[in-house]
Amino acid sequence: MRKKARKDFRLHLLVCAGTGCAANGSFIIKDALEKEIVKQGLEDEIAVITTDCQGFCERGPIVIVQPDGIFYHRIKKEDVPHLVEEHLFKGRPVKSMMFVPSPEEPAIPRLMDIGFFKHQRLIVLRHRGRLDPENIEEYIGFEGYSSLEKALTRMTPPEIIKEIKASGLRGRGGAGFPTGVKWELCRTSPGKKKYIVCNGDEGDPGAFMDRSVLESDPHTVIEGMLIGARAIGAHKGYIYVRSEYPLAVKKLLIALRQAEEYGLLGENILGTNFSFTIDVVQGAGAFVCGEETALLASIEGKVGRPRPRPPYPAEKGLWGRPTNINNVETWANVPVIIARGALWFSSIGTKRSKGTKIFSLVGKINNTGLVEVPMGITLGQIIYDIGGGIPDGKEFKAVQTGGPSGGCIPRELLDLPIDYEGLSKAGSMMGSGGMIVMDEDTCMVDVARYFLNFTQEESCGKCPSCRLGTKQMVHILNRICEGTGGEHDIAFLEEVGRSVKLASLCGLGQTASNPVLTTIKYFREEYLAHIREKRCPALVCKSLISYIIDPQTCSGCTVCAKNCPSAAISGEAKKIHTIDQTKCTKCGICLSVCPPKFKAVKKTSPAVQ
Amino acid sequence: MSKIEKILKDHHYKRSRIIQILQHVQAEYKYLPKDILESVSQKLKMPLSTIYSIATFYAAFSLTPRGKHLCTVCMGTACHVRGAPDVLARIEEKLGVETGGTTDDKQFTLETVNCLGACALAPIVVIDGTYHGQTTVNKVGGLLDKYHEKKGT
Ligand SMILES: Cc1cc2nc3c(=O)[nH]c(=O)nc-3n(C[C@H](O)[C@H](O)[C@H](O)COP(=O)(O)O)c2cc1C
Ligand code: FES
């Protein structure tokens, strides 16, 4: 419906309204654009449309001018009149608001020519920036729900399973279990009543692809679940969404209601004898609830503690019935596989990892955002060709994948092809697809401590090896970061790490040591610097650094002294300033306010005594 | 109908929906008041101890009243490597409370969260539901002051 109307306009302005852009003020830009367009009398020629997340979140607010695909980023309200007059009225695209990869390179006008977009391969995110998630007709306009129709009317349940198996699709929630095999286990499990669950807990900090898919294209997840339900023989489904994602819940509820109105959920779907309904359940801030057995307990209204498997959910899941649980991204792949066939899907990717994976590229990287790439792409391609490298000319140090269960991969492995096996071999794992890029200013011991703190806090406490082991490791890492660790601590960490791995009940404990073990493996010298020299090479660990003022470059501008909250800086105007180390709390404000032309405040390690 | 009756009715008095019920109670009262939990326990015929075990297990629930403004600092990995610990330390110092605490004047409650899924804007501080991206140690002061000023209004 909307499509027909769209043709009547000369130009379309697509304003990204994803969470990132909205937080950067995209709705203010949209209002300003609409007002300015009316002011310049262009309202009959130009339509302003909001879209779902474009993925290039750090560049928000983003506006794309169609049909030419001109990409504008970081637009400010003041820029709007100029943009409307120059580009929309006079037809002269505005260079100053375009993307510039580096100061030496020219601006790139078209979205598809920007490295960040050019190297991506969109399957799950195929509707990116093209549809209104709150309007089911737009999804249907892109052949949405035609895979469901195919699955219901032209395929038998075993045929659906055969297709998914042949496609080679593996779970995108972390462990990479073959999806078709899992479905078959649940299908053949005895019992009339079966359940389908979509895992949208997305607990790995730094990963937000599931949020984006749920918010931008909820129907693709619903359609995937419907096809799975048909294949398995389930009549009830649950989507479990973490409580930190209220917008995803809202969009899902709208989508579910519309699907019901269109007869795509409920009784006798599309005139067949197949019936299926979906409920949304919200989490309440417990990381361990992403683990499947804990998640099921949480849906039942219980404390979310994992239980030993077997029995697997496929045999005994929700309320003791056979249950099939898959991740959001896994479900979102299903309609495409049914539409385009297993052969096509399995032609993408590597020998054992088929299709694409969405990664969230965050941390110390120029182009932050969500990227969908074919399995088998190298780490270097993701970081440099898509991510545009490290900001401020700094050195790349490592990338952390797999969340708290993953590990840190060093620069020596930049040629590593990214798939399930490749990442495991490097001591990390796929996890949900967070990629946190770290540069020379990131301390690897501090990162290990960060993750162990995380798992220690999130451990449900059921098994002692996880509860106590993670706590021990945090103690040791704290010691090292404070400069009181001994050399034997490294071997001690490795030993505790290995026991926790072996003796824990669920994936949380079994993988909790990975961040420690990989950082010791690849960055041992950084541990040793903390221990032997009481030095933090990345200048992060508070106990091992001091802030000092370089007398050579201090011009006595007094800015640091005025801003110091602890009155630790003394010095008169135009005279060299000094920091009283006994008063300094190392908050870092002096460093951040010292004018770049002086760069007089510096960090140093070991700490000044 | 009392507020609590309405919440329970919306969830069909189902014990399996206890987590969602507590979420609604918290949305209504900003925390989980003891007397309300007692009445939930009676009405659902569910032991109070079970309700407490759920309320204490899940990090989203608070058993103590919160301040007028809720300040949440993201401590997810992306925010961590971009300086969230310094931002948090600065906020703790500025408000004079530790994480999880409420200021004496009941203006602010300070909490942390592990990733809001908006990592591109790291580090993030959320105040009363509004996201403030790319926060720095020296922006924090002004940010909090803005909310303090609203005191009278
Ligand atoms: C501690 C822990 C946390 C997990 N968190 C998530 C999560 O947030 N999202 C997810 O999809 N899977 C998570 N998993 C994996 C699930 O247990 C399960 O394997 C997955 O949902 C299955 O779906 P898939 O086969 O489609 O990947 C987690 C596992 C563990 C051990
Ligand atoms: S780490 Fe802070 S929003 Fe993701």
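Two strands pair if DSSP finds at least two bridges between them, and strands (E, at least two residues) and helices (H or I, at least four) are DSSP runs numbered from the N terminus. Strand β1 (residues 11–16) and strand β3 (residues 63–66) of chain A pair in the antiparallel sense, over 4 bridges. In this pairing, A:H12 stands opposite A:Q66 of β3(A).

A word on the model: it is predicted, with local features needing pLDDT of at least 70 and side-chain atom pairs counting only at pLDDT 80 or more, while totals for chains, interfaces and linings use all residues. Residues are numbered from 1 along each chain as its sequence is written, and chains are lettered from A and ligands numbered from 1 in the order in which they are written.

Now to the sheet. In chain A, 4 strands form an open sheet in the order β2-β1-β3-β4, with mixed pairing. Each of β2 (46–51) and β4 (70–72) of chain A has a single partner strand, so one side of each is left without a neighbour in the sheet.

Next comes ligand 1. There are 22 residues around ligand 1 (C-beta atom, placed from the backbone, within 6 Å), and those that come nearest are A:G171, A:G173, A:G290, A:N327 and A:G507. β8 (323–327) and α21 (507–512) of chain A each supply at least two residues of this shell, and β8(A) gives the most, with 3 residues.

Here is the shell by class (Ala, Val, Leu, Ile, Met, Phe, Trp, Tyr, Cys and Pro count as nonpolar, Asp, Glu, Lys and Arg as charged, the others, Gly among them, as polar):

| Class around ligand 1 | Count |
|---|---|
| nonpolar | 6 residues |
| polar | 11 residues |
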